[in-house]
Amino acid sequence: MRVAIAGAGNVGRSIAQELIDNGHQVMLIERQPKMLRPDRVPAAEWVLADACELTSLEEANVAGCDVVVAATGDDKTNLVLSLLAKTEFAVPRVVARVNRAENEWLFTEQWGVDVAVSKPRVMAALVEEAVTVGDLVRLMTFRQGEANLVEITLPPTAPYVGQPIHAVPLPRDAALVAILRGKRVLVPSPDDPIEAGDELVFVCTAEVEDEVRAVILGPDSVERTRGSR
């Protein structure tokens, strides 16, 4: 992919290096000359420009990008860039960084955002994931809440422990995409058994999260979880 990243701070540079390591072409857009440090990510294309200016984005050929990442430390800048990328340049995928939790509600399709990444939410999810057994933890939201990446760590009392995956009656709009077992990442196949302590990772819609919880943890798990909150 060709990816444009606005904001060449620590976050932008880290994303750029990761994408380059995975074989993608990356352009870093930065408006502050002092932040223009090509030696930090030498394999990236560096552009000194204001990502909120239409002419600058045209000169950088943002229209030729598969993804735009608005990764600056300013939410207003990230929103304006997202809107321009989607409406003026028809970029297929726009990912925006949310710096302040109270602004998260703005990062929607109306502003051109396909995926909003909120650092406070991600950190909270990672904390929950690290300490929670026997409940569903939402790790990430895709397409403004249409689908979520969720995780459940299986307690020994889970109803389908020891049974193969094909025996688990998952609802429609839910898919088991990975099993984390110890240090291993397993791609699920129908005949694989699930074990106590497994971390099951699903992609599902928000509407069926309670159904997934009920199937994996038992019918009383939904009410038990609600009662504890």
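This is a predicted model: local features need pLDDT of at least 70, side-chain atom pairs count only at pLDDT 80 or more; totals for chains, interfaces and linings use all residues.

**Cysteines**

I checked cysteine 52 and found it partly exposed, at 27% relative accessibility. Cysteine 65 is buried, because its relative accessible area is 3%. I then counted disulfides and got 0. The test was a pair of cysteine sulfur atoms within 2.5 Å.

**Ground rules**

Residues are numbered from 1 along each chain as its sequence is written, and side-chain values use heavy atoms, with hydrogens and water left out.

**Whole chain**

I listed 6 helices and 11 strands in the protein chain. Both are DSSP runs numbered from the N terminus: helices are H or I with at least four residues, strands are E with at least two. The protein chain has 229 residues, and 44% of them count as buried. It exposes about 12,100 Å², with carbon and sulfur atoms supplying 54%. Accessible areas come from the Shrake-Rupley method with a 1.4 Å probe; for residues, only the protein chains shown count as cover. I also looked at contacts between residues at least 6 apart in sequence: 54% of these join residues at least 24 apart. Contact means heavy atoms within 4.5 Å.

**Second largest pocket**

How much space lies in the second largest pocket? I read about 260 Å³. Of its 21 lining residues, Gly7, Glu30, Gln32, Thr72 and Gly73 are the closest to the centre. Two elements give two or more residues to the lining: α1 (10-21) and β2 (25-30). The largest share comes from α1, with 3 residues. By class I count 8 nonpolar, 8 polar and 5 charged residues in that lining.

The pocket search runs on a 1 Å grid over the protein atoms alone; a pocket is an open set of points where a 1.4 Å probe fits, with protein on both sides within 12 Å along at least five of seven lines, and lining residues have an atom within 4 Å of a point. Grid points are joined across faces, edges and corners, and the volume is the space filled by probe spheres set on the points. For the classes, Ala, Val, Leu, Ile, Met, Phe, Trp, Tyr, Cys and Pro are nonpolar, Asp, Glu, Lys and Arg are charged, and the others, Gly among them, are polar.

**Positive phi**

Most residues other than glycine have a negative phi. I looked up two residues with a positive one. Asparagine 61 has a phi of about 55 degrees and is not a glycine. It sits in the loop between α2 (54-59) and β4 (67-70). At 42% relative accessibility, asparagine 61 is partly exposed. Alanine 90 has a positive phi near 50 degrees. Its place is the loop between α3 (75-87) and β5 (93-98). Alanine 90 is exposed, at 58% relative accessible area.

**Glycines in loops**

Glycine 64 is also in the loop between α2 and β4. It is partly exposed, with a relative accessible area of 37%.

Is glycine 218 buried or exposed? It is buried, at 5% relative accessible area. Glycine 218 lies in the loop between α5 (209-217) and α6 (221-227). It touches Pro159 and Arg213, leaving out residues up to four places away in sequence. Tyrosine 160 is 58 residues from glycine 218 in sequence and 9.0 Å from it in space, C-alpha to C-alpha.

**Proline 164**

I found proline 164 in the loop between β8 (147-153) and β9 (174-181). It is partly exposed, at 24% relative accessibility. Which residues does proline 164 touch, not counting those up to four places away in sequence? They are Pro190, Asp191, Asp192 and Pro193.

**Valine 137**

My last entry is valine 137, in strand β7 (residues 136-142). Valine 137 is buried, at 2% relative accessible area.

Methods:
Buried means under 20% relative accessible area, exposed over 50%, partly exposed in between (1.4 Å probe, protein chains only).
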